Amino acid sequence: MGFFETILKNRKTAVVLGHLNPDGDCVGSCLAVCNYIVDNCPEVDVKVYLDEPADKFAYLRGFDRIHTEVPEQFSAQVCICLDSGDKERLGRFGGFLESAEFSVCVDHHITNTGYGMENRIQPDASSTCEVLFGLMEEEKISRETAECLYTGMVHDTGVFQYSNTSEKTMEIAGKLMAKGIPYSTIISESFYQKTYVQNQILGRALLESVLFCDGQCIFSVIRKKDMDFYGADSRDMDGIVEQLRNTKGVECAIFLYEKQFQEFKVSMRSKNRVDVSKIASYFGGGGHIRAAGCTMNGSIYDVINNLSAHIVKQLKEE
Ligand code: 5GP
Ligand code: MN
């Protein structure tokens with residue numbers, strides 16, 4: 001029996017949770033598990049709770065049944081936490097984890113401490129979706145579930161480009177393609193396509209970016225008033241830090257956006273040398289060696305100064 005079939009045996013209710021500001025791997029993994037359960041464990045009532053996900057993922061089956069409001073009561077027998085490095089990242093839905101009789105955590109963040117009763121954490125996997133593929137029975141994966149898994153893998157690997165992409169990643173992607181998914185459309189419409197506003201914000205961030213540390217580092221920031229001006233929110237910030245990292249000669253990129261006065265969401269990316277997960281963890285966040293994030297308070301100047309001190313230290317210690 002597969003992993004999910006086993007944990008759901010003799011149980012009637014389950015919830016699936018992801019992390020704050022859900023990205024492609026988070027939405028993909030939550031809907032993959034939900035679809036897999038609907039298809040293969042029909043006696044289980046399964047619900048997905050997430051922060052408002054981006055519309056670009058609306059093609060995934062189950063997207064329209066994602067709950068975004070906190071329920072009056074946190075009651076489910078099984079709580080399945082996906083792609084979330086720590087409990088706090090479950091945000092306002094964390095109550096399900098506390099009240100469930102059984103919980104599991106499936107993730108690929110190196111900083112994950114294993115807060116479920118059962119944990120499947122593989123830091124060398126490209127994505128939570130890749131870990132999930134190994135927990136599902138291949139012949140029971142429907143085309144719709146395959147679309148969810150493929151979406152998560154595409155997003156966390158930057159279309160199979162980043163260093164987290166392995167031979168195994170490509171093998172799994174191939175098996176998912178064999179399920180008949182529209183892989184080109186998934187890549188072009190959920191990963192590369194941007195709305196007009198998203199392009200404007202990206203342009204603005206690039207235009208105002210600043211190189212420092214002899215061109216080895218770059219940062220940019222989008223302020224709250226600019227987000228309001230363009231009518232953009234956190235879901236429109238996907239891909240900006242990757243484009244900053246793409247600058248020739250840059251090892252480490254930092255992108256900030258202002259959540260509220262003097263509170264910034266920080267995204268960091270590196271190419272080959274800087275361990276950004278260490279820096280993000282130091283400031284209360286987490287992530288992966290080449291992609292990590294946290295939230296920091298203070299002026300832009302303070303935030304950049306604090307982060308760059310750690311980056312410079314790592315670059316010097318080599
Ligand atoms: P992003 O920069 O795209 O928001 O996140 C990069 C990676 O770091 C993702 O894997 C994400 O889950 C993780 N991450 C981002 N922000 C936080 C945070 O505040 N806490 C933790 N634990 N992980 C984060
Ligand atoms: Mn992920």
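Residues are numbered from 1 along each chain as its sequence is written, and chains are lettered from A and ligands numbered from 1 in the order in which they are written. In this predicted model local features need pLDDT of at least 70, side-chain atom pairs count only at pLDDT 80 or more, and totals for chains, interfaces and linings use all residues, while side-chain values use heavy atoms, with hydrogens and water left out.

Reader: Which domains does the domain assignment of the chain give?
Author: Domain bounds are taken from an automatic or database domain assignment. For this chain the assignment gives domain 1 (3–192) and domain 2 (196–317).

Reader: How many residues of domain 2 are in contact with domain 1?
Author: Contact means heavy atoms within 4.5 Å. The centres of the two domains, taken over C-alpha atoms, are separated by 26 Å. On the side of domain 1, 11 residues take part, and the number in domain 2 is 14.

Reader: Which residues come nearest to ligand 1?
Author: A residue counts as near if one of its heavy atoms lies within 4 Å of the molecule or strand in question. Domain 1 and domain 2 each give at least three residues to the shell around ligand 1. Of the 14 residues around ligand 1, those that come nearest are Arg89, His109, Lys265, Ser267 and Arg269.

Reader: Which strand supplies the largest share of the shell around ligand 1?
Author: Strands (E, at least two residues) and helices (H or I, at least four) are DSSP runs, numbered from the N terminus. At least two residues of the shell come from each of strand 10 (263–270), strand 11 (286–287) and strand 12 (291–297). The largest share, four residues, belongs to strand 12.

Reader: What distance separates an oxygen atom of ligand 1 from the side chain of Ser267?
Author: A polar contact with the ligand is a pair of N or O atoms within 3.5 Å. A polar side-chain atom of Asp86 lies 3.1 Å from a nitrogen atom of ligand 1, and one of His288 lies 3.2 Å from an oxygen atom of the ligand. For an N or O atom in the side chain of Ser267, the distance to an oxygen atom of ligand 1 is 2.6 Å.

Reader: Is Asp83 buried or exposed?
Author: Asp83 is placed in the loop between strand 4 and helix 3 (95–99). Its phi is near 60°, a positive value in a residue other than glycine. Buried means under 20% relative accessible area, exposed over 50% and partly exposed in between, with a 1.4 Å probe and protein chains only. The relative accessible area of Asp83 is 1%, so this residue is buried.

Reader: Why is Asn21 classed as partly exposed?
Author: Asn21 lies in the loop between strand 1 (13–17) and helix 2 (24–40). Asn21 is partly exposed because its relative accessible area is 31%.

Key:
A polar contact is a pair of N or O atoms within 3.5 Å; within protein, one must be able to donate a hydrogen and the other to accept it, and residues adjacent in sequence count only if both atoms are side-chain atoms.
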